[in-house]
Amino acid sequence: MLLVIGFSANQLSAQERVEITGTVIDANDGSPLPGASIIVQGSDEATGSTIGTTTDIDGAFSLMIPENLNTLAVSFVGYISQQVAIDGRTEINIELQPDVRTLDDIVVVGYGTQERQQITGSVSSVNADEFVKGSVNNASELIQGKVPGLVISSAGGGDPNSNPTIRLRGISSFGSTQDPLVVIDGVIGGNLNNIDPNDIESIDVLKDASAAAIYGTRASAGVIVVTTKSGQLGQEQISISYNGYGALESIERQNDVLNVNEYNELAELMGIDAPSFNSNTDWFDEITQDAYSHVHNLAFSGGTQNSFYRVSTNFRDREGIQRQTGFEQLNGRVNLTQYAFDQKLKFDLNIGITSRKEDEGFPQAFRYAQTFNPTAPVKVDSFATVGNYFELPLFDYFNPVAIINTQEQEEEEQIFTGSLRGEYEFSDLIPGLRASVFYSLENHREIFRGFASTESKQGGGATTTAFGTGNAYQNTNDFQEQLFESTLNYTTNVQDLDIEALAGYSYTDIVEEGNNISGGDFVTDAVGWNNLAYAQDFNQGEGNIGSYQNIHKVIGTFGRVNLNWGNTYFANASYRREASSWFGEDNKWGNFWSVGGGVDLTGLLNLAFFDQLKLRGSYGVSGQDAPFSGISRQRFNPVGNFFANGNFIQSFGPISNPNPDLKWEERKELNVGVDFEMLESRLSGSAEYYNRVTDDLLFLVSVPVPPNLFPQTWDNIGELQSSGVEVALNYNVVQNTDLNWSTGGTFTWMSPNILNEYIADETQFISNAGSPGLNATPLIKVEEGEPIGEIFGKRFAEISPDGNWLFFDQDGNKVTADEITLDDQQVLGNGLPDFQIGWTNNISYKNWDATLFFQGVFGHQLVNTFRLFYETPNQISSYNVLDSAYDWVNRGEENRTLRESPQFSDVYVEDGDFVKLQNITVGYTFPLSQLESVRRLRVYASVNNAFTITNYKGINPEPRYVDVADGDNPLAPGIERRDQWFTSRTFSLGINLDF
């Protein structure tokens, strides 16, 4: 192929030309390198244009060059570039040496890839070999503790249907989403639930605003880029892989409560006539189970000289540790790449389909299993209670077994994602020019169903002596996102300067719609949620029914330039201008940009001690879209009805005020870092510092009525500021024929998230402790200029001789709860962590391999609400007062004489620091020299969440970033609510088999 640019045929004919042919191959294994770049050095000076070509599928090339030019510049990603002298030869075979620093260090960034050496922003990459091992059910769990600055909190404990909370470099917003943007094989806003962990090749995390700015509007919380596995070009023999495991899950941590003997002994000790119902019931045992799971992944891959593919199917069946919970999930994925026109045209087709059904259970069952009387039976025949379940007519007191057996909750989920990308290389016209178009479609349907029978006290309205009305609901949500993008890519070389340029256009069309219906007063429980016409509420005007539709469009243009001068100096810049239909009429468009630079000192200085030492710095601005449709508009909703002329008339009222000036949140971030390799690349690492400011935060502020119709308006107000240090280290400790040991660690320090430019002179107290008795007890303080997450309350002094609480006032005096003022209270802790560590060890000896992964989080506090409500005797009705945690006993004699109701104080604020052995895996790979059809056979045993070291007395010491009980409010972290799943430990046995 002859590629000549920018001069006429007459000019060409005037030159004496020589045809050069040859191949470019890997120097180690002799494999061809298709797509290698060959540029004739000096051709732009001699002819006025650059002459060059790329190798075909066999690594071959053919080039017509002027007779007076003598040097070829040959390069290929992941290999050391060469300058090759022609010296009169007409056939030149070139061997490129793999670049040990970059061979496995190609980083996926926005709209392409880069060698890590050229990265100037903050990007962390985790490949499949480095993923967390064992029983993993969500893709995010693969990189838990592996990326500095990324906190993945599994505060849901052993709930099989909960997704981890993901936070990158702390809190980025409190009015919009805090979840990082997910990009899966180019699909922006991809769904992690539509990808099985077995199908993932690598995960790249774009942490700073410079790296993420190319995604503009939804990148304020960072970007997680997922690349799925594919086949290989020229892989004519079909490869078959099977990965499967079976797992046993059991309870790891739970609150320790009194059994029957302890209950009776304590009652006697305190002189309380505690009720006893002559049974011995372990309520934990009644609602929990050893949960069994099995997972299977089958994949086929192959290719030809012009195509490659991978097809996989995955099945997961997981039980939960609460009885009648778990999920079944079937997932399929097809990745296909096809070349045409001498590999100038390339098509990528990716399809992912997931069908999932969840039995969600009831976290309240854990709560009431911890407080229910241990002398009470599960069921009684002689006791006058509906359904024969033992119940008592007390407030907030329910039989946990009845909760599970008389109610149901399930979710069905179907997800389809399909994408098609076409790319054409215009090398005949302009060497290095490529154009692409991309289209993706995502459909996501969720159906939520719930039913509480007429025998249910907790959800169905039953009492101890009468049936209730029952209740059922069914909610359907449909989400569709269409994405169209087109890009132009151009790469060239000017002497020692490599230039990469990108320009593109993006259009996103999102439609969300759904409906909901709920009602009660059932004629019979037989049909459950399957026929809501049995609910008589609708005939009485008491049922609820609704529907909605939201349309969202995001349109943007973007560009980027990367410069590489002699593999020593690096620079890049990006820009994106984007509009969202959700913002105000006057501020729909936003501008997001970044600049960065770096220098590899090993290319400048004689640093014998370093194999690489690169300094880098960047600054960028990324944005955050609005949280929901209509946020900037005047809106009205039904607000009840009134009775007139014998009929109920629907009434409407305002639910928001217009704000045409509402605009994007913006994250502005400075990032500086250093990357290094030493000891012949056995020791490598990076360290960086970032400073981030997010301003124009979206916040619901109070406004006067009139002139406003509604007392609150969404506005851009406030600023969040944070900084941090992130370090990653990897060391190959032992490397020989039989034994290899590598160890690596990550360290993250995060400064407090400071809230500035907030509503002046206004301090808010939020997140009430709850009932019974503590509805007016806030736990969190929010104040301008102070860190987010401050736990606020009284300082405990002692229990008085007459059994009353005593607390310290601001002068250090001991006063009663009635005498404490707001000025006497103070900050008792913070719910956000300061430090996070991860430590991985990979060891192999001959055919054996082992992995140990430790994780630790430090510096955060948790409000233990279970202790607050149930630790102290005498605080609630005598029917359940004594079924409380052991913790109160550990506080000594003083608590036995307490006669007052619960009071929140620093007694119930505990350090959440912990270190856990997240995973330990031991495997054996069988030697298969005599089994030609089997390429690999490995068996392994694994333990996830093996043990946790912590002083926290509650269930789960992991940070709580949001909780549904607090309205998922990011300003109220650090509260462990009473409806908390127990944590679990999982043992698994698995097999990896390749044909």
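**Close-up views of a predicted model**

View 1. Arg367 has its place in helix 6 (residues 364-369). Helices (H or I, at least four residues) and strands (E, at least two) are DSSP runs, numbered from the N terminus. This is a predicted model, where local features need pLDDT of at least 70, side-chain atom pairs count only at pLDDT 80 or more, and totals for chains, interfaces and linings use all residues. Residues are numbered from 1 along each chain as its sequence is written, and side-chain values use heavy atoms, with hydrogens and water left out.

Is Arg367 buried or exposed? Arg367 counts as buried, because its relative accessibility is 9%; buried means under 20% relative accessible area, exposed over 50%, partly exposed in between (1.4 Å probe, protein chains only). Its side chain makes a polar contact with the side chain of Asp396, at 2.5 Å. A polar contact is a pair of N or O atoms within 3.5 Å; within protein, one must be able to donate a hydrogen and the other to accept it, and residues adjacent in sequence count only if both atoms are side-chain atoms. Neighbours within four places in sequence aside, Arg367 is in contact (heavy atoms within 4.5 Å) with Asp396, Ser771, Tyr870, Arg978 and Asp979.

View 2. Two strands pair if DSSP finds at least two bridges between them. Strand 1 (residues 17-26) runs antiparallel to strand 4, joined by 7 bridges. Arg17 stands opposite Pro66 in strand 4.

View 3. Strand 2 (residues 37-40) pairs with strand 3 in the antiparallel sense over 3 bridges. Ile39 stands opposite Gly52 in strand 3.

**View 4. Strands 27, 28 and 29.** Strand 27 (residues 569-580) and strand 28 (residues 589-600) run antiparallel, joined by 11 bridges. Ser574 stands opposite Ser594 in strand 28. Strand 28 also pairs with strand 29 (residues 610-624), in the antiparallel sense over 7 bridges. Gly596 stands opposite Ser618 in strand 29.
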